[in-house]
Amino acid sequence: MIRCMAIDDEPLALQQIVTYINKVPFLELAAQCQSALEARQFLEQDTVDAIFCDINMPDLNGMDFIKSLVTPPMVVFTTAYAEYAVEGFKVNAVDYLLKPFGLQDFQRAANRLKERSLPPTPPQKEEDTNDDTIFLKTEYRIVKVSISNIRYIEGMSEYLKVHVEGESKPIITLLSMKKIEERLPDYFMRIHRSYIVNLKMIQEVNKNRIIMDKETFLPIGDMYKDTFQHYLDTKFLGK
């Protein structure tokens, strides 16, 4: 809720603002004052989020009153004189209602108060789509691995063997197949309950085996045959 104060030296104009405030669900009337001096006394004891303030008032006009506040709340000026509009926005007024105004104009100003009162949206962090790295804990080290260099991943109970291009030994890490599968891009595919393969590094498919090189043959599990076959069909050229 936005706590509001209405200030106007004309009783009918003040009552109109109060009526409009009560018609807007997110506005709450905290005080209604017939002078800026009365409003100042209220603010010495309490606070509001927004003020609907007339400009032409005796003793202390609305513009000077707002300028005198050390930490002024949001302000919507109301006046019959259009020449005050520019000066009103110089004090960072949220809106400026020219009398006579109706409920639609008032609702527009209320919506602007609502927008101004919302906390700023934190900037969205852009995902680095070029980030091709993960970190894996192995023994007492944490090693950086380029995802595109992973040839295949082998599951061993609670551990994984991550076979990386150019490395003579796999990286053994305490991790589940499901966890690493969630992190891998779409050119990796689960072909067996114990194997995930980098599709870009397949050299040959022979019956129910994937051949990575002359020494590495990976089985295709029954549960994964259809998915892998569909992938082959999308890449296959020939009759």
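## Pairing and cores in the predicted model

User: Which residue in strand 12 is the bridge partner of Glu 154?

Analyst: In this predicted model, Tyr 195 of strand 12 bridges to Glu 154. Glu 154 also has a bridge partner in strand 9, namely Lys 161.

User: Why are strand 8 and strand 12 called paired?

Analyst: The definition asks for at least two bridges between two strands. Strand 8 and strand 12 (residues 195–198) have three and run antiparallel, so they count as a pair.

User: What makes strand 8 and strand 9 a pair?

Analyst: Six bridges link strand 8 to strand 9 (residues 159–164), in the antiparallel sense. At least two are needed, therefore this is a pair too. Their hairpin has two residues between the strands, and Ser 157 there takes a positive phi near 55 degrees.

User: How do you know that strand 8 is mostly covered?

Analyst: Buried means under 20% relative accessible area. Six of the seven residues in strand 8 (residues 150–156) are buried, so the strand is called mostly covered.

User: What makes a set of residues a nonpolar core, and how many residues has the largest one?

Analyst: Its members are buried residues of nonpolar types such as Ile, Leu and Phe, joined through side-chain atoms within 4.5 Å. The largest core has 22 residues, and Phe 52 and Phe 106 are among those with the most contacts inside it. Helix 1 (11–23) is one of the elements giving two or more residues; helix 1 gives the most, with five.

User: Which residues does Phe 52 touch?

Analyst: Leaving out residues up to four places away in sequence, Phe 52 touches several, including Cys 4, Ile 21, Val 76 and Leu 113.

Notes. Residues numbered from 1 in each chain as written. Predicted model: local features only at pLDDT ≥ 70, side-chain atom pairs only at ≥ 80, totals over all residues. Heavy atoms only, no water. Buried < 20%, exposed > 50% of the residue type's maximum accessible area, 1.4 Å probe, protein only. Helix = DSSP H or I, 4+ residues; strand = E, 2+ residues; numbered from the N terminus. Contact = heavy atoms within 4.5 Å.
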